[in-house]
Structures are given as C-alpha cells and as structure tokens.
Amino acid sequence: MTAVVLEKNKADRDDIRTRLSNCGVLPICFQDKWVCLENIHCIKPSFAVLRSDSPGAVAGFVNGVMAIENGLPIIVLSSNDDAETFIQNNWQANLAVLSYPADNQAFQAAIDRFSQTWRNAGEPILIGGSVERRKLIQELPRLNTMQDPILIQGEVGVGKKLMARTIHRLSMNPGSTFSLVDATTLSGTWIQDTRNRINSSRAKQTSWYAIDNIEKLPSDIQSQLLVLLDNDSFHGNTPNGRTNRFISMTTREMAPLIQSGSFRKDLYHRLSALKLIIPPLRGYASDIIAMAEYFATQYSIRQRGMICRLTEQVMDSFRNYHWPGNIAELKRSIKRLILTDSRHWKDLLPEPHNGEKHGCTETASVCGIDTNEIRQFLKCNWRVTLKQACAHYAERVEKSILKAALTQTHGNCKQAAGLLDISYKSMLNKAKAYRLV
C-alpha cells in the first residue's frame, strides 16, 4: 500500500512516515498542497493523509482530493475539535479523523476500516465553503429517516437535481430506483402507470419519484397527483410492503402561485412536508471560492494532466460577480478558463455586479420615476422641503425598488428580502400592500 502525506512541519512529517511504515504502508510526503494533489493524480495511492488543525484547510484538501480521485480514502490528523467535527459530520468521502499525536494502533485501525467501507468512485460530490451550505449538506442523511415528500427549492443552476440524487444515494435502500421527470411532461397516463407500479406485487425495490419544475404542473394533473400522494399504497402499505419516496423541485417561491390560484394549496403542503432551500452563490464568497478551486482542479487534471491554479485576479472577479446562473454558470466559466491560455483570462472574467445599474437601461430615471417629472414637481412646488419631496415620492420609489428586487429574484420574497436586507415578513407585507404578489 502507498499513501501520500501532506504536512509542512518536518518533525511531524517524520513521525507520520514512521507510523505508516510500521503499518506496512509506503509513505510519500509533501509540504505543498498543490504539489501533493498533482502527485495523487500521478501516483494513484491507496489513501491520503493530512495533518492540520484548520477546518478550512481540511475542507480545501478534501475537496481537492475528491476532484482528482473521487472515493480515495483520507486520514485527517488533528488536535482541533472543530476539524474533527467537520470530518465526523462529512458523509461524502472515505474520511477518518485521528487525534494527533496518534500511535501505530490508531493508524492501523483507520487503514483497516477503509478496506471494509470503500465507497464507489463516480458518486456525486457536494461542495460547501460556507457554514450555511455545509450544514445543509450535513442535514441530508436526516431526510432519509422519514417517509414524507421532500420539496427542494432554489434558483436555476444551484444543483437541485444533484441534491435530489444525493438524497436518494444516501437512502437506506441503495438499490432502489430513481425516476426523474419534468412537470410539463406529466399526464394522467404517468399518474396511472405510477399507481400501477406502486401496487404491483412483483415490484420489490423501493422507488423514488422526482419531479422537476413542479410549479409548472398542469392544474388537472395537480388533483390527480394529490390523490396519488394521499393513497396509502404510496407510503408502504403495498402488497410487498415496500416504501416509496417523492421529491419535487422548484425555482419559484410558491406562495404567490398559491395566492393566485394557479397551484393547489393542499398539494403544496403535501409536497413540502420536508423542505430544503438551496441558497444561491451570490453573497457566499467562501462557497464561490471552494467550488471554483474544485472545478478548476477537476477540469485541469482531465484536460492537461496537471492542476491549473486560478490567480487572485480571477478569484476577486468571481467573488464580486453576482452569478445569476449560479453553480452551472460557474462551471461553464471555469471550463472556458481552463481551455484558454492564462494570458488571456482577463478577457473572459465576468464583470462585477452593480446593483444600481444591472438590468437597467434607463439613464434618466430614479427608481422608475422620470427625472423630468421630478424637476417639474420641484418647479411647481418651489418652497417644498427635501423631507416633503421625499414623502411625495416615497411610496412610488419603495414600490419600484420592491418590484425590481422581486424581478431580480424571480418572485422569491425571501430572497428579495435578503437582497434588500429587510425581514421576510416585512417584504411580504409590503409586496402584498403594493399588489406585487
């Protein structure tokens, strides 16, 4: 067996080398993270070893290893409780954490455990740099302890389908089937066929049904789907006793659709018994950087056989961009950079987002109010104070800002509230008052 070891301190590096040698492992040691990752690609070791007390460094190394060799076991040596907690709550890879210093017996136990719990390569990987996204990822196994339907909500490109497949993969029945369809293609025939499969005494595997763009489900199919979900057979009272799971995905905030009557309220409550909201990339710089490094490592290894490190200029551009296409757009951007000579990267970098100008083609207006109109008002009311003038236009300005925020977030009141830094309740009340939802 061989192992790559990443540790900057020579004394600790020599100690780890000795421990691994005593366990019959050939250690190959490195001081630099990127040199170590490149050699993982070349050497194809049995496992990797990292010595670090920094949760951020641990996460960065784990992400890098998974980008190069998905499924490679990793032993993390740490004396930091936070780093240990990160590893213990991480279900994405073959990870083991040992309190350092560790003796030969602890090393051997970790190595032996890897041989019994090897995960298959090629499984989907979820990357999180922020505390919020890491907590979201760590919560996924909990969703498999219940049989209720799951609603995954998030903007275009945030990875809803990947999240759905990951939830299925983490289920108690790894051999179960997973069926993904788009809501616009559903028909009464699909409902009937699904009902027949559920009631079939020959079907022995648990089935997962995932519907994307659930907000576009035709009205006549909504009632049929509700009947299907309320059927006892759907929840395990089948001839063979198997269970069925249901996942739906949406890019929209459903409350406005329910209020307008285009989506059934009872069906929504049925679908959202368990709800997962995936945050967008904007506003989460640590997620942007973690994913950028992951994709850059993955694509450059595949294309060039070596790791292409993104410059600080690239990272700054990524941090300041608003990523309307979220993770999908970030992946496309990384691919373009990897295929382009680094001398020309600056020509491909996204422009920083300016909330005042983005999406606005009117140069002679203030929040939708023509500046000529303001000048005319001041001309006719030449004794008006600034406070009075502000009060005169306050409601129109507020309405325009709220409308712009809702447009930017595709009608999502919660995201619009975050964009304007106000509470969700305040945003919803104001939007209702101005009849924007």
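**A pocket and an arginine**

Visitor: What classes of residue line the second largest pocket, and how many are nonpolar?
Guide: Keep in mind that this is a predicted model. The second largest pocket holds about 740 Å³ of space, and 33 residues line it. Split by class, that lining has 7 polar residues, 8 charged ones, and a nonpolar count of 18.

Visitor: Which element gives the most to the lining of the second largest pocket?
Guide: The elements that supply two or more lining residues are α3 (55-68), α6 (131-139), α7 (160-169), α12 (285-304) and α14 (326-338). With 6 residues, the top contributor is α12.

Visitor: Over to Arg51: is that residue buried or exposed?
Guide: Arg51 sits in strand β3, which covers residues 47-51. Its relative accessible area is 16%. The cut-off for buried is under 20%, so with that 16% Arg51 counts as buried.

Visitor: Which side chain makes a polar contact with the side chain of Arg51?
Guide: Leaving out residues up to four places away in sequence, Arg51 touches Leu77 and Tyr100, among others. The side-chain partner, at 3.0 Å, is Asp53.

Definitions and conventions:
Residues are numbered from 1 along each chain as its sequence is written. This is a predicted model: local features need pLDDT of at least 70, side-chain atom pairs count only at pLDDT 80 or more; totals for chains, interfaces and linings use all residues. Side-chain values use heavy atoms; hydrogens and water are left out. On a 1 Å grid over the protein atoms alone, a cavity is a set of points where a 1.4 Å probe fits but cannot get out, and a pocket is an open set with protein on both sides within 12 Å along at least five of seven lines; lining residues have an atom within 4 Å of a point. Grid points are joined across faces, edges and corners, and a volume is the space filled by probe spheres set on the points. Helices (H or I, at least four residues) and strands (E, at least two) are DSSP runs, numbered from the N terminus. Ala, Val, Leu, Ile, Met, Phe, Trp, Tyr, Cys and Pro count as nonpolar, Asp, Glu, Lys and Arg as charged, and the others, Gly among them, as polar. Buried means under 20% relative accessible area, exposed over 50%, partly exposed in between (1.4 Å probe, protein chains only). A polar contact is a pair of N or O atoms within 3.5 Å; within protein, one must be able to donate a hydrogen and the other to accept it, and residues adjacent in sequence count only if both atoms are side-chain atoms. Contact means heavy atoms within 4.5 Å.
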